[in-house]
Amino acid sequence: MAKSLRSKWKRKMRAEKRKKNAPKELARLKQALSLDVKGEAAMSDMQEIATVVPADKIKKQADVDMAETVGDDGKMDLDSKRSKKTLLDENGQYPAWMSQRQAKKMKGKRMAKKGGQGKKKKKGIAW
């Protein structure tokens with residue numbers, strides 16, 4: 001796909017824009033990576049380009065997350081009141097992630113199976 005004139009033009013213009021902005025972008029990256037006399041990047045310059053978060057804060061957050069997961073046994077919360085075969089819960093509702101079309105299809109299968117068992121022959125002429 002993507003062979004229309006519009007998409008070709010847009011692709012061409014994006015390439016030209018990349019060419020035009022490449023020197024500026026390269027300069028900003030070099031500036032961000034250049035180190036001061038102390039060996040640290042200037043924080044004021046870095047804050048323009050990216051969000052700066054201290055490393056110890058990230059480590060503390062990771063430790064807290066790990067402590068929470070140790071308490072878990074690694075199992076997901078499953079709906080134990082939901083039928084695995086029909087996916088209906090105790091109120092006869094399908095899960096939220098199921099589309100209406102899929103629910104209707106499953107209901108049709110359920111009703112066909114239910115209706116086929118206790119069906120009586122109709123009186124009259126059978127063609």
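Across the protein chain the mean pLDDT is 79, with 69% of the residues reaching 70 or more. Confidence is highest in helix α1 (residues 5–33), at a mean of 91, and lowest in helix α2 (residues 43–49), at 66. Where pLDDT is low, the predicted coordinates should not be read in detail.

Arg82 counts as buried because its relative accessible area is 19%, and the cut-off for buried is under 20%. Leaving aside neighbours within four places in sequence, Arg82 is in contact with Leu87, Leu88, Asp89, Gln93, Tyr94 and Pro95. Two backbone oxygens lie by polar atoms of the Arg82 side chain: that of Leu87 at 2.7 Å, and that of Gln93 at 3.2 Å. Between Arg82 and Tyr94, which are 12 residues apart in sequence, the C-alpha to C-alpha distance is 8.9 Å.

Leu87 also has its place in the loop between α3 (55–71) and α4 (100–117), and at 21% relative accessibility this residue counts as partly exposed. Its phi is near 65°, a positive value in a residue other than glycine. Most residues other than glycine have a negative phi.

Asp89, too, lies in the loop between α3 and α4, where, beyond residues up to four places away in sequence, Asp89 touches Lys81 and Arg82. Although Asp89 is buried, it has no salt bridge, and the nearest side chain of opposite charge, that of Arg82, is 4.2 Å away. A polar atom of the Asp89 side chain does, however, lie 2.7 Å from the backbone nitrogen of Gln93.

Note on methods: Residues numbered from 1 in each chain as written. Predicted model: local features only at pLDDT ≥ 70, side-chain atom pairs only at ≥ 80, totals over all residues. Heavy atoms only, no water. pLDDT = per-residue confidence, 0-100. Helix = DSSP H or I, 4+ residues; strand = E, 2+ residues; numbered from the N terminus. Buried < 20%, exposed > 50% of the residue type's maximum accessible area, 1.4 Å probe, protein only. Lys, Arg positive; Asp, Glu negative; His and termini not counted. Salt bridge = Lys/Arg side-chain N within 4 Å of Asp/Glu carboxyl O. Polar contact = N/O pair within 3.5 Å; in protein donor to acceptor, adjacent residues only side chain to side chain. Contact = heavy atoms within 4.5 Å.
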